[in-house]
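Subject: Structure handover

Hello,

Here is the structure I said I would pass on. Please open it and keep it beside this email while you read.

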Amino acid sequence: MRLRNIPGSREAIGACEYVVPEESECAGKWHEIFGNENEIHTEVGTGKGRFLMELAKAHPEINYVGIEKYSSVLLRAVQKMEENPLSNVRFIRMEAEHILRYFAKGEVGRVYLNFSDPWPKERHAKRRLVSREFLDRYRILLTPQGHLEFKTDNKDLFDFGVEETEPARWEIKEITYDLHHDEKMNQGNIMTEYEERFSSKGNPIYKYIIRPCN
Ligand code: SAM
């Protein structure tokens with residue numbers, strides 16, 4: 001993502017009631033934070049937050065946590081939330097590598113990854129959000145029935161993600177190599193900012209839904 005540093009963005013998101021402070025001990029406390037017992041779903045690399053907020057509007061019975069590492073990007077999501085507040089959405093500015101500091105074991109029902117950074121160099125494979133190192137982390141925070149949904153237009157990253165499932169002991173429940181022409185998997189699909197941009201250029205969108213094996 002091309003990134004422009006926005007001066008004051010860190011302070012602005014710090015002052016927003018929808019952003020959970022990084023230093024807060026929120027692991028195991030998400031039901032308290034939302035003030036209800038609804039299921040918690042998270043999107044890692046939420047960007048400007050459109051997907052998460054659309055989903056939250058469609059599913060008021062679910063609580064959503066958007067994770068984004070850059071304040072300048074998260075600021076856009078926060079500004080949208082201030083215009084149209086949603087009680088079932090919170091954001092947290094953090095590097096996903098530290099996700100287990102922020103969620104307790106079995107606290108999350110679903111993880112969404114959308115158009116994650118590809119990290120094309122082999123030596124950076126561990127940084128890919130679909131790597132086995134990340135799958136090990138998601139396995140811990142997911143509920144026993146939980147699953148992960150990943151969408152991208154990047155074939156190399158998608159193939160890598162598919163190959164990582166077996167060694168990481170996850171199983172593929174559903175997969176498509178052309179989401180927008182897959183009647184079943186496209187049902188209820190909410191487009192992300194990147195999905196709209198890349199599919200309008202004619203790129204097919206790949207998607208899998210996976211869950212940890214016991
Ligand atoms: N999900 C959005 C979409 O589909 O439109 C944004 C996609 S953008 C390519 C990837 C986003 O993930 C960026 O905003 C980036 O800052 C964020 N991101 C990448 N790696 C991350 C990490 N390790 N921890 C938290 N956020 C991350």
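Thr46 sits in the loop between β1 and α3; helices (H or I, at least four residues) and strands (E, at least two) are DSSP runs, numbered from the N terminus. The model is a predicted one, in which local features need pLDDT of at least 70, side-chain atom pairs count only at pLDDT 80 or more, and totals for chains, interfaces and linings use all residues. Residues are numbered from 1 along each chain as its sequence is written, and side-chain values use heavy atoms, with hydrogens and water left out.

Is Thr46 buried or exposed? Thr46 is buried, at a relative accessible area of 5% (buried means under 20%, exposed over 50%, partly exposed in between, with a 1.4 Å probe and protein chains only). Leaving aside residues up to four places away in sequence, Thr46 touches Leu52, Gly66, Ile67, Glu68, Leu74 and Phe91; contact means heavy atoms within 4.5 Å.

Leu52 also belongs to the buried residues of helix α3 (residues 50-58), together with Phe51, Met53, Leu55 and Ala56. Their cover includes the strands β1 (39-44), β2 (62-68), β3 (89-93), β4 (108-114) and β5 (142-152), as well as helix α4 (71-83).

Next, the sheet. Seven strands make an open sheet with mixed pairing, in the order β3-β2-β1-β4-β5-β7-β6 (two strands pair if DSSP finds at least two bridges between them). Because β3 and β6 (170-176) are at the edges with a single partner strand each, one side of each has no neighbour in the sheet. β4 and β5 pair in the parallel sense over six bridges, and Val111 has Leu148 in β5 as its bridge partner. Helix α6 (residues 155-165) lies across β5, β6 and β7 (206-212), and runs at about 20° to β7; axes are lines fitted to C-alpha atoms, for helices over the stretch in contact, and angles run from 0 to 180 degrees between N-to-C directions.

Last, the ligand. It is surrounded by 19 residues, of which the closest are Gly45, Glu68, Glu95, Ala96 and Thr192 (a residue counts if one of its heavy atoms lies within 4 Å). A backbone N or O atom of Gly45 is 2.9 Å from a ligand nitrogen atom, and a backbone N or O atom of Asn114 is 3.0 Å from a nitrogen atom of the ligand. In Thr192, a polar side-chain atom lies 2.7 Å from an oxygen atom of the ligand. The ligand taken alone exposes 600 Å², and the protein buries 97% of that; these areas come from the Shrake-Rupley method with a 1.4 Å probe.

Regards

Technical notes: A polar contact is a pair of N or O atoms within 3.5 Å; within protein, one must be able to donate a hydrogen and the other to accept it, and residues adjacent in sequence count only if both atoms are side-chain atoms.
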